[in-house]
Amino acid sequence: MELMELTVRFLKADDIKMLSNPLFKSHLFLVKEGLVRVLKFPFLIGRIEPSHLLVSNASISRKHVEIYTEGLFFKKYFVKDVGSKNGTIILRGGQIIELTAQKGVQLENEDILSMGLGVKFKVLI
């Protein structure tokens, strides 16, 4: 795992209940005021362990998405669906980008990551 930083903001914090995984503590991410600051990659979001960020929402799969980096000197952030039942899309401007397990999509600042049935994060790079 490498040390970098990416921040995602819950867009509907009242619709979901976020639980940090006690096995990983804060060395992987920090949570404050609806923001999740990711510090190490790869980073899994899902409903149960081994996900790093646990979201208790029935439409979220056990392991839903993985955020990872590529590149030696100029790191870029990518996200891929890891076989979730209800899918994941990125809303970017007027575009809708559907994620698959086969190919990651590069994240851009202010992308909306929509998982399952309405769990949304705003990406801040």
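Buried here means under 20% relative accessible area, exposed means over 50%, and partly exposed lies in between, with a 1.4 Å probe and protein chains only. The model on screen is predicted, so that local features need pLDDT of at least 70 and side-chain atom pairs count only at pLDDT 80 or more, while totals for chains, interfaces and linings use all residues. Residues are numbered from 1 along each chain as its sequence is written, and side-chain values use heavy atoms, with hydrogens and water left out.

**Stop 1: aromatic pairs**

Select Phe41, which counts as buried because its relative accessibility is 3%. Rings of Phe, Tyr and Trp (its six-membered ring) pair if their centres lie within 6.5 Å, with planes under 30 degrees apart called stacked, over 60 edge-to-face and the rest tilted. By this rule the count comes to 2 aromatic pairs. In one of them, Phe41 and Tyr77 are tilted, at 5.4 Å centre to centre and with 50° between the planes. Phe41 belongs to strand 4 (residues 35-41) and Tyr77 to strand 8, so this pair ties together parts that are 36 residues apart in sequence; strands (E, at least two residues) and helices (H or I, at least four) are DSSP runs, numbered from the N terminus. Tyr77, at 7% relative accessibility, counts as buried.

With Tyr68 still selected, show Lys80, whose charged end sits over the ring of Tyr68, 5.7 Å from its centre; the criterion is NZ of Lys or CZ of Arg within 6 Å of the ring centre and within 35 degrees of the ring normal.

**Stop 2: cis peptide bonds**

Return to Phe41 and follow the backbone to Pro42, where the peptide bond is cis, with omega near 0°. Pro42 is in the loop between strand 4 and strand 5 (43-46). Continue to the bond from Glu49 to Pro50, which is cis with omega near 15°, Pro50 being in the loop between strand 5 and strand 6 (53-55).

**Stop 3**

Select Arg92, which is buried, with a relative accessible area of 18%. A salt bridge is a side-chain nitrogen of Lys or Arg within 4 Å of a carboxyl oxygen of Asp or Glu, and a search of the whole structure finds 2 of them. Glu108 forms one with Arg92, the closest N and O atoms being 3.6 Å apart. Because Glu108 lies in the loop between strand 11 and strand 12 and Arg92 in strand 9, this pair ties together parts that are 16 residues apart in sequence. Arg92 also forms a salt bridge with Asp111, where the closest N and O atoms are 2.8 Å apart.

In the loop between strand 11 (105-106) and strand 12 (112-115), select Glu110, which has a positive phi of about 75° although it is not a glycine.

**Stop 4: Ser84**

Finally, select Ser84, in the loop between strand 8 and strand 9 (88-92). The side chains of Ser84 and His64 are joined by a polar contact of 3.4 Å, meaning a pair of N or O atoms within 3.5 Å; within protein, one must be able to donate a hydrogen and the other to accept it, and residues adjacent in sequence count only if both atoms are side-chain atoms. The Ser84 side chain also reaches the backbone nitrogen of Gly87 at 3.0 Å.
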